[in-house]
Structure formats: C-alpha cells, structure tokens
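Hi everyone, thanks for coming.

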Amino acid sequence: MTMQTLVDGLVLGGLFSLSAVGFSLLFGVLGVVNLSHGAFVLIGGYAAYTLHEKLGLDPLLALPVIMLGMFCLGYAFQRSVIQWATKRASLLASMLLTYGFALMIRNALVLIYSPDFKSVTPAYAFDSLSFGEVTVGLTRVAALLVSIVLLAALAATLRYSSIGRTIRATAQQEQAAALCGVNIRHVFALTSGLSAAFAGAAGVAIGLVMPFSPPDETLWTVNAFVVVTLGGIGSPAGALVGGLILGVVNTMTAQLIGAAFPNAMMFLLLVLMLVVRPAGLLGNSFKGSR
Amino acid sequence: MKLFVSGRSAWVSIAITLAGALLFALLPAFLSPYGVRVGQLFVLAAGLAVAWTVLGGFSGYWSFGNAAFVGTGAFVAALIELALPGWSPAGAFTVALLAAMLLNGLLALVIAWPILRLRGIYFAIAMLGVSQVCYELVSNIDALRGALGVNLIDIVPKDVRPERFYYWALLLAATAIILIAICVRHSKLGYGLLAIREDEDTARMLGVPTAPYKISAFVISAMLTAMMGVIYAHNLGYITANSVFRNEFNLNVIVYSLLGGMGTIIGPIVGAGVMTYVTQVLLGDLLDIHMFITGLLLAILVLAAPNGLYGIYDTYRLRLKRQKREAGR
Amino acid sequence: MKLDRRTVLKSMGAAVALPAIGRGAQAQATETIVIGGSVPLSGRAAETGLNVNNGYLAAQKFFNEQLNGVEIDGKRYKIDVRLFDDASDPARASTLIQRHLDDGVQFFLGSFGSNIVLPTAAIVERAGKPMMQTGGASDQIYTQGYKNIFCMFPRASRQLYNTIEYFKVLQPAPKSIMFAMANDAFSKTLAEGAIAFGKEKGLPINDIVTLPENITDASSLVNQIRSKKPDVLLATTHDQNSLLIARQLISSNVDVPLLYLSLGPQLKSFRDALGGYSEGLYFQQFWDERSPYKDAFFGSAQKFADYYRQHFKRDIAYHTASGAACIVAYVHAMKAANSLDPAKVRDKLATLDVESLYGRIKFTPEGDGDPVHLGSTVGQVLKGTAEVVFPEASRTAAPVFPAPKWAEKRRG
C-alpha cells in the first residue's frame with residue numbers, strides 16, 4: 001500500500017515538475033513572476049483538446065506542435081508586453097501585469113470553450129500498467145515519461161548548447177553578458193518562449209490525465225510557486241526535485257492524515273522551506289533571489 | 001513617550017482626513033441604498049488598502065497574502081460569537097472584534113520573525129503561502145467551520161437601515177486606519193520604514209532598528225486588516241471560507257496602491273475609489289466579459305502609468321513648476 | 001497600430017463609456033414584469049450558473065414569444081429577466097441585488113452557492129420581495145426563518161432520501177458503504193444528511209472520507225477503496241471531480257459494485273468522456289425529460305426540452321429545467337394572486353401545489369422544495385442514457401446491480 005502511494009505521488013510529482021519548470025526558468029532568468037503561467041498551462045490543455053476533437057490527433061503527437069505554438073506566443077509576450085513593463089515599472093509591478101493577463105485568458109477560455117470541464121480521452125486513457133502490487137494508469141505513466149524526457153532535454157540544452165550558455169550567463173550577470181555581445185532582449189524573449197512552450201507541454205500532459213476547466217489556472221500557478229520554492233529557482237533539476245517531493249507529500253498526506261489535507265501540508269511546507277532555505281533545495285542565487 | 005506625530009503636515013493630513021470622513025458620513029442622506037452599498041465596497045477597499053500600505057507602501061515589503069488576516073479575523077470573530085450565546089449583540093461583537101484583532105496581531109508577530117527576513121519577491125511568495133495555509137486549515141478542520149459556513153450575529157440597531165449601518169461602521173474603521181497610517185508615517189517608525197524601503201542594509205548600518213520596525217508595521221497592518229475583515233463578515237451575515245479568503249483581497253490592495261500611487265496614503269484611497277467605480281458600477285452590467293476588461297485595465301495601468309495617478313499628478317506638477325520658472329525668466 | 005499611451009487611454013475610455021450607453025437603451029420597455037437576480041457566470045460555479053441562466057432565459061423566451069406574454073388581472077405583460085454575473089463574490093452579489101431593488105424590481109431569482117445566496121437572500125427578505133432560486137440548497141438558508149425565499153430543491157440534508165431507500169432494497173444487501181464528500185457546504189450537508197438518515201435506517205456506513213473542494217489526484221481514495229472493498233461508494237462531488245474519480249478508478253482497475261457519483265453522469269459530456277465505462281454508474285437524478293409531467297404552459301417536460309433544444313445550443317441539464325420552473329412557478333403564483341403585488345405573490349408561492357415541467361412544485365413552510373415531490377430520484381447510466389431506476393413509480397428502466405466490472409466493459 002505504501003509502495004502504491006509512493007508511486008502515485010511520483011507520477012503526480014512528474015506533472016507538478018513539468019508544470020512548474022517554465023515558471024521557474026522565467027523567474028530565474030528574468031526575475032519575472034508570471035502569474036499567467038497557469039493560464040498558459042491551460043492554453044496547452046485546450047489546444048490538445050481541440051486538436052483531439054477536431055482532427056483526432058493524439059495528444060502525444062500534438063505535443064511538438066503545441067510546444068512550438070506556445071514558444072512563439074511566449075516569445076511575443078516577452079518582446080511586447082513584459083519587456084515594456086519591466087522597463088517602465090518594477091519587477092513587482094510586472095507581477096500585476098501578468099495577473100491582468102491571467103484574468104483575460106481565463107475569461108477568453110470561458111467565452112471560447114464555455115465554463116464546462118473538458119477532458120481528453122484517447123482510447124488508452126482507461127488502461128493501466130501493473131508492476132506486482134502497484135497499478136498505475138497508462139496516461140499517468142505517459143505523463144511522467146513526457147515530463148522526465150522534456151526536463152532532461154531542457155537541462156541538456158541549458159547545459160551544453162550555446163543558447164543555453166547565453167541564457168545561463170544572462171541569468172547570472174545581465175550586464176556582463178551584454179558586454180560580451182549577448183543580445184539580452186533576444187535571450188529574454190527566448191527564455192520566455194521556452195517557458196511558455198513547457199507550460200503548453202504541461203497542459204497537454206495534464207489534459208491527458210485529468211479533466212480541466214478555466215478556473216484551474218490559479219491552481220497551476222500556485223502549484224508552480226510551491227514547486228519552485230521547494231526545489232530551487234531557475235533549474236530543471238530543481239523543478240524536478242521540487243515537483244516529485246510535492247507529489248509524494250501530497251499522496252502521503254492524503255493517505256496518512258486525511259484526503260482533505262494535502263493542500264494545507266503543501267503550503268505549510270512552502271512557508272517552512274522559505275524560512276529555512278529560501279533558495280530552495282538545489283537553488284543557486286539567481287536574479288529573483290537577490 | 002515623545003510626541004506621537006511631529007511636523008505641521010501631519011496635523012494637516014489628520015484634519016483633512018477628519019473633514020473627509022465627516023463629509024463621507026453625510027453621504028448616505030443623498031444616496032440610494034445601492035449607492036450606499038457601492039460606498040461600502042469603496043470604504044472597505046480603501047481601509048484594506050491603507051492597512052496594507054502601512055507595511056507594503058512604507059517599507060516596500062509587498063504582502064501578497066493579506067487575505068489571511070481578513071479571513072482569519074472574520075472566522076475568529078464568528079467562532080467567538082458562537083461561544084458566547086447568551087451575550088447581547090453589542091457585547092459579543094465588541095469581544096469578538098477585539099479578540100480577532102489581538103489574535104491576528106499575535107499571528108503576525110509569530111510569523112513575522114521568520115518571514116520578514118525574506119526580501120522582495122520571496123516575502124511576497126511566503127505571504128501568499130501563509131494566506132493559503134490559513135484558508136486550507138479553516139476550510140478543512142471541521143471545528144473551524146470554513147466549509148459549512150457560519151452565521152454572524154446581527155448587530156444592526158432596530159431603526160437603522162443595515163446598508164447604512166455597515167457603511168458607517170466600515171467608514172469609522174477606515175478612518176481609524178487612515179489616522180493610524182498618518183501617525184505611523186510621520187513618526188520615527190515611519191521614517192525608519194521609508195529608509196528600509198530605499199535601502200535596507202544602509203538603513204541598518206546607519207542605526208535604524210530594521211527588524212523591530214518591520215515587525216511593528218507588519219503587526220499593525222495585520223490587526224487593522226483583521227478589523228476590516230470582521231466588519232465585512234458581519235455585513236455578509238453568513239460566511240464560508242470562500243467568502244473571506246479571496247484572492248481579490250490579496251491582489252486588489254496592491255492594485256489600488258499602484259493605481260493611486262505607491263507609498264502614499266492618499267494613493268490607495270483614490271485607487272480604491274476608481275477601481276470600485278469601474279468594476280462594480282461601470283462593469284456591473286456586463287454579463288460575461290467584465291473579468292476580461294478588469295484584466296485589461298490592470299495591464300494598461302501597469303504599462304501606461306507605472307507610478308499611478310499620483311505619479312501622473314507629480315509629473316504634471318513638476319512640469320507646471322518648470323513652465324512657471326521658464327515663463328518668469 | 002502603434003500602441004502608444006494615447007491610443008491606450010483612448011481605448012480605455014471607450015471601454016468605460018460603452019456599458020453606460022447600453023443601460024440607457026434597456027430602460028424603455030413598457031408593461032413588463034421585471035425579474036432580477038444574479039448567476040455566477042465566471043469562476044468555479046459558472047458551469048451550473050450557465051445552465052440555470054439558460055433555464056431562466058428559455059422560459060422568458062417561451063412566455064414572450066410563444067404565449068405573447070402572460071395575462072394577469074386582465075392585462076398582458078412581457079417577462080423581462082435581468083441577470084448579472086456575481087462572479088461568486090458575495091459582496092458583488094449583494095451590491096448588485098441592491099441595485100435591482102432600487103430600480104424597483106419586485107421579483108428575484110437566485111444565484112448558486114450558499115455563501116452567495118444567503119447574503120442576497122437576507123437583503124431581499126428584508127425588502128419583503130420573493131426570491132425563487134435553484135442554486136442554494138444548503139440547510140443554513142432554511143433555518144433563518146425567512147419567509148420569502150423559495151427553492152426548487154429540498155434542502156441538502158434531505159436530498160438523498162430516495163437514494164438511501166434504494167440502498168435499503170438492494171439485493172443482495174450491501175455489507176459496507178463508503179461515503180466520500182467534497183469539502184464544500186453543499187456536498188458536505190448532502191452527505192451528512194444522507195449518512196444520518198442511512199444510519200437511522202440501519203445501513204452499514206463504515207467509512208467516511210472527506211476530499212478537498214477541488215482535487216487533482218484521487219489516488220488516496222482509490223487506495224482506500226482498493227483495501228476496504230466497499231459494496232457501495234457514494235461520492236458527493238461536483239462534475240469535474242467526479243470524472244477524475246471515475247477515471248482513476250477505471251485506470252487503476254478498482255471495482256465498486258455500486259458507484260454513485262452525485263453529480264456528473266447526468267451530463268452528456270461526462271458520459272461521452274467515459275464512453276462505455278459510464279455503463280452502470282449511479283447518480284442523483286432530479287429530472288428527466290421523459291418524465292410524465294404535464295405543464296400548463298409548455299405542455300410537458302418533453303415539450304420543454306424540445307423547445308429548449310430548438311433555441312439553445314448548450315446541452316440541457318436538470319438545472320436548466322429547474323431554472324425554467326422558477327419562472328413557471330412565478331407565473332402560476334401571479335395568476336393565482338391575480339396581482340403583481342410581491343406580498344400576495346409570495347403568499348401564493350408558499351401555498352403553491354401545481355404540476356409543472358419540472359415536477360409537482362410544492363414548498364415546505366421554510367421555503368425549500370418538498371422532499372417527496374421535488375426530491376431526487378436514483379439515476380443510472382444504462383446503454384449510454386441517463387435513466388431513472390428508483391423509486392419504482394417514476395422509473396424509466398430497471399436498475400442493474402451489481403454493475404458490470406471495468407474489465408468486462410473493457411472487453412466491450
């Protein structure tokens with residue numbers, strides 16, 4: 001039974017990780033807290049829903065298309081709106097700006113898709129995998145795999161590619177990077193694009209596993225907050241660790257204390273973590289924490 | 001203790017506040033009940049925003065979780081009233097209000113020590129977390145009745161219309177909050193907080209006791225917010241956790257300050273007035289896109305007027321001065 | 001377009017000016033009965049809010065277009081339903097209800113969720129105007145001594161009486177029953193009422209699980225079911241959470257002989273999402289368009305459903321029917337009172353006993369729906385359709401118990 005709970009927690013944690021990594025990247029590199037992150041996640045979910053309903057496209061096949069679309073959206077979002085806000089106002093004010101966008105996106109989703117919940121259910125949505133005593137739904141396993149593969153790819157990109165190096169350099173020392181010939185605006189927009197692409201991917205994975213509706217955007221933004229604070233800002237590894245811990249804490253609390261308490265425990269952990277180690281478990285001091 | 005406030009401008013502000021409050025107190029005579037209810041929303045918003053400003057505006061520590069104090073205040077009061085069944089409404093309310101304020105002050109004191117060591121966005125996130133924890137606990141612990149909801153006692157005197165009574169009650173509380181904020185602003189504490197906002201490390205080096213100052217402002221802010229929460233809850237008459245732990249309380253107080261002018265006292269009041277009018281009156285009839293327009297307004301506000309209306313006024317004043325100087329030359 | 005500050009300010013001005021114009025145009029209607037109120041069209045409750053909203057609007061359209069209004073005391077009136085979005089914010093709802101009162105609105109329709117309905121009901125009650133609503137069933141509303149607030153549903157704690165009666169006659173008798181309730185005022189009182197009544201009837205209610213209001217993961221519930229193997233699981237959860245629970249039970253291959261999800265399977269979108277797996281699921285059924293109810297205006301439940309489908313795209317739900325029934329109840333009461341005086345209409349509402357598209361409308365002295373006539377029946381999904389299986393008097397199909405196992409459905 002404990003094994004089952006642990007596995008359930010890890011699978012859930014995979015979703016949390018993927019849904020938070022984009023938020024973490026934007027926070028770490030630009031210092032921008034994106035309160036419309038959850039709304040971006042939902043856009044991914046709704047895109048997967050539309051492609052599945054209208055074209056019969058499997059969500060996992062739609063994933064690259066959605067990520068590409070979301071990348072462009074995120075790039076444009078940074079170059080137009082966020083850049084303007086951070087230049088003219090403060091980083092904290094940009095938080096309010098993104099809150100405004102979250103409201104708009106949520107309202108737009110209600111108008112386009114109605115407030116009803118939607119779910120993406122390909123034929124394999126009801127199948128499961130069993131390992132001895134432990135049974136896990138197939139879509140959940142798929143979601144976990146997607147998370148791990150994408151997070152690994154992102155980590156590799158940041159670590160080994162030249163784009164990744166410039167992003168990391170910019171995060172550490174914006175001015176020095178600019179002096180070395182890095183086009184800061186472009187790097188910021190790239191980061192924002194990556195962040196949105198991963199939010200979209202998370203939306204697809206979430207859509208595969210559970211029904212969703214427009215008000216859920218708050219939930220995914222808040223979850224991203226908690227994951228990032230736990231794991232540490234700006235790194236895929238931090239998001240992975242934070243997400244997995246959160247997932248396990250979630251299912252364990254539900255099992256041991258009561259099904260109503262995972263959220264309370266989650267936020268308690270967030271506050272405790274901030275007090276004990278504000279940089280997160282794997283955190284280094286990126287822009288947001290200075 | 002030394003003079004609580006010093007300087008002529010403080011007394012001017014106090015006089016203006018009292019005169020303004022008196023003027024507002026007379027308004028219900030000229031307003032429809034609906035107008036009075038919109039007035040309630042405005043006074044509530046202004047009170048909450050100024051209470052937030054005591055910490056957020058003066059010291060630059062933006063709390064994204066003041067709903068914690070609204071909600072905890074409301075539920076402490078409601079549960080205490082439940083525990084005092086035989087009491088007269090006025091008596092029970094007084095005890096409940098005082099207890100709610102005291103308990104929130106205590107809560108703030110307890111969390112202040114660890115949380116106020118965090119800076120900037122980390123403090124903001126931590127407060128968001130605190131408000132979520134309070135919400136989750138109140139709604140999930142059966143004894144606190146957050147899910148089932150709880151009735152508050154009726155404290156409206158027989159021959160007073162309830163919307164007027166609560167308008168005046170909220171106005172009284174908001175006035176008290178503004179006066180306290182003015183006192184804080186012009187006291188040694190206030191100057192210390194401003195110094196912290198400009199540069200906390202330098203302030204500490206120059207001998208400002210930063211930690212006690214921040215904690216004091218936090219506790220004051222929490223108690224004042226709780227006071228508003230208690231009256232708001234009585235106005236509703238029945239609350240569940242969802243009625244008082246609202247995200248709007250967390251974020252709108254900041255919006256008001258941003259709109260009006262961050263760090264000032266008049267700023268959040270003006271901001272609250274404008275936002276209440278726009279969202280409740282102008283957008284009240286819009287069935288399905290009022291949320292979209294609110295979001296759009298927020299975005300435009302941050303982009304077009306990052307220093308708020310006060311900032312526009314300030315630029316305008318400076319320009320006028322410069323023009324005068326140039327004309328005189 | 002270049003987005004400089006001037007254009008931004010200009011468009012902001014346009015957005016601000018627009019609604020003011022809209023209001024001016026609305027005021028010129030003559031000889032109308034204005035019915036005011038709020039519905040939540042944004043936020044968590046928007047889904048049901050929209051169903052209720054469409055029910056109100058369908059009835060308005062029907063009365064005005066098909067019957068050319070209603071005749072009361074020799075005069076013809078059009079019905080003018082004026083609704084606003086309260087966004088599930090109690091303060092916003094109270095303020096806008098007050099605006100309707102100031103505008104001279106005499107009759108009200110209710111919002112959804114007890115924390116919205118109660119504060120607005122208090123204002124309407126004080127003003128002595130009636131409120132017909134179909135979204136606030138929590139017990140707290142009916143223990144305040146209000147005289148003017150009427151609900152199409154019985155209070156939450158009485159809604160599952162038929163369900164408990166059904167569990168009582170199950171063959172073979174269930175040996176253990178598990179309850180899972182979402183942590184909100186409605187779901188909680190619903191479950192607690194049923195638990196109290198069930199224990200009184202001697203049912204073996206062994207486990208009670210409280211779930212958060214919104215869940216992202218139901219695995220702890222699934223695990224408890226896996227280890228405790230109840231014969232019956234009754235979950236009082238809202239649609240989205242119900243679907244998540246069902247999906248996780250299916251993909252974990254955990255069977256319950258009687259899986260009862262209070263809200264969810266009544267929706268076509270829910271049954272579509274589960275496909276063949278929805279077969280045999282139980283739910284709380286308040287209304288079925290095939291019910292043999294006669295209606296003085298629409299003709300019958302079926303005719304109401306047909307009319308609705310002709311004019312509205314959104315799927316019909318029982319909240320749509322109960323919303324329309326609110327207007328029907330008003331018209332009956334106004335005709336009986338032969339007057340538009342709110343106090344007289346209120347008195348006729350209180351004594352109303354009439355068959356309608358939604359069933360026999362009759363209220364308790366406290367104002368909630370009569371638990372026998374307006375209570376819920378037991379529904380079951382059979383061959384993809386939502387059927388009524390209990391009580392026998394209103395059944396449209398025979399119940400299937402135990403329901404087929406997931407594995408059997410998987411094979412098709």
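So, how many residues of chain A are in contact with chain C, and how many of chain C with chain A? It's 35 residues of chain A against 33 residues of chain C, where "in contact" says that the C-beta atoms of two residues, placed from the backbone, lie within 7 Å.

Before I go on, some housekeeping. This is a predicted model, where local features need pLDDT of at least 70 and side-chain atom pairs count only at pLDDT 80 or more, while totals for chains, interfaces and linings use all residues. Residues are numbered from 1 along each chain as its sequence is written, and chains are lettered from A and ligands numbered from 1 in the order in which they are written.

Back to chain A and chain C. On the chain A side of that contact, the elements that each supply at least two residues are α1 (2-30), α4 (91-113), β2 (134-137), α5 (138-160), α10 (236-256) and α11 (262-276). When I say helix or strand, I'm using DSSP runs numbered from the N terminus: H or I of at least four residues for helices, E of at least two for strands. By class, this side of chain A divides into 16 nonpolar, 16 polar and three charged residues. For those classes, Ala, Val, Leu, Ile, Met, Phe, Trp, Tyr, Cys and Pro count as nonpolar, Asp, Glu, Lys and Arg as charged, and the others, Gly among them, as polar.

Now chain A by itself. It has eleven helices and two strands, and from the N terminus on, the order is α-α-α-α-β-β-α-α-α-α-α-α-α. Its C-alpha trace spans about 60 × 45 × 35 Å along the principal axes. A compact globule of 290 residues would have a radius of gyration near 19 Å, and chain A has 18 Å, which agrees. That radius is taken over C-alpha atoms, and the globule rule is 2.2 Å times the number of residues to the power 0.38. Of the 290 residues, 65% count as buried; that takes 20 or more other C-beta atoms within 10 Å of a residue's own, with C-beta atoms placed from the backbone, whereas 12 or fewer is exposed and in between is partly exposed. And among contacts in chain A between residues at least 6 apart in sequence, 79% join residues at least 24 apart.

Chain A also touches chain B. Here 33 residues come from chain B and 35 residues from chain A. On the chain B side, α4 (89-115), α5 (120-140), α11 (247-260) and α13 (290-304) give two or more residues. Which one gives the largest share? That's α5(B), with twelve residues. This side of chain B is made up of 25 nonpolar, six polar and two charged residues.

Let's stay with α5(B) for a moment. Its 21 residues should span 30 Å at 1.5 Å a residue, and the end C-alpha atoms are 31 Å apart, which agrees. The expected span is 1.5 Å times one less than the number of residues. And 18 of the 21 residues are buried, so α5(B) is largely enclosed by the rest of the structure.

On to chain C, with 13 helices and 17 strands. An automatic or database domain assignment gives domain 1 (31-155 + 290-362) and domain 2 (158-288 + 376-411). Their centres, taken over C-alpha atoms, are separated by 29 Å. The contact between them takes 18 residues from domain 1 and 15 residues from domain 2. On the domain 1 side, α4 (114-127) and α11 (318-337) of chain C give two or more residues, with α11(C) giving the largest share, three residues.

What about α11(C), buried or exposed? 17 of its 20 residues are buried, so this helix too is largely enclosed by the rest of the structure. After α11(C) comes C:Asn338, with a positive phi near 50°.

Last stop, a pair of strands in chain C. Strand β9 (residues 232-236) runs parallel to β10(C), and four bridges join them; pairing takes at least two bridges found by DSSP. C:Ala235 stands opposite C:Leu261 in β10(C). In β10 (residues 258-261), C:Leu258 and C:Tyr260 point one way, C:Leu259 and C:Leu261 the other way, and all are buried. In a regular strand, side chains alternate between the two faces of the sheet.
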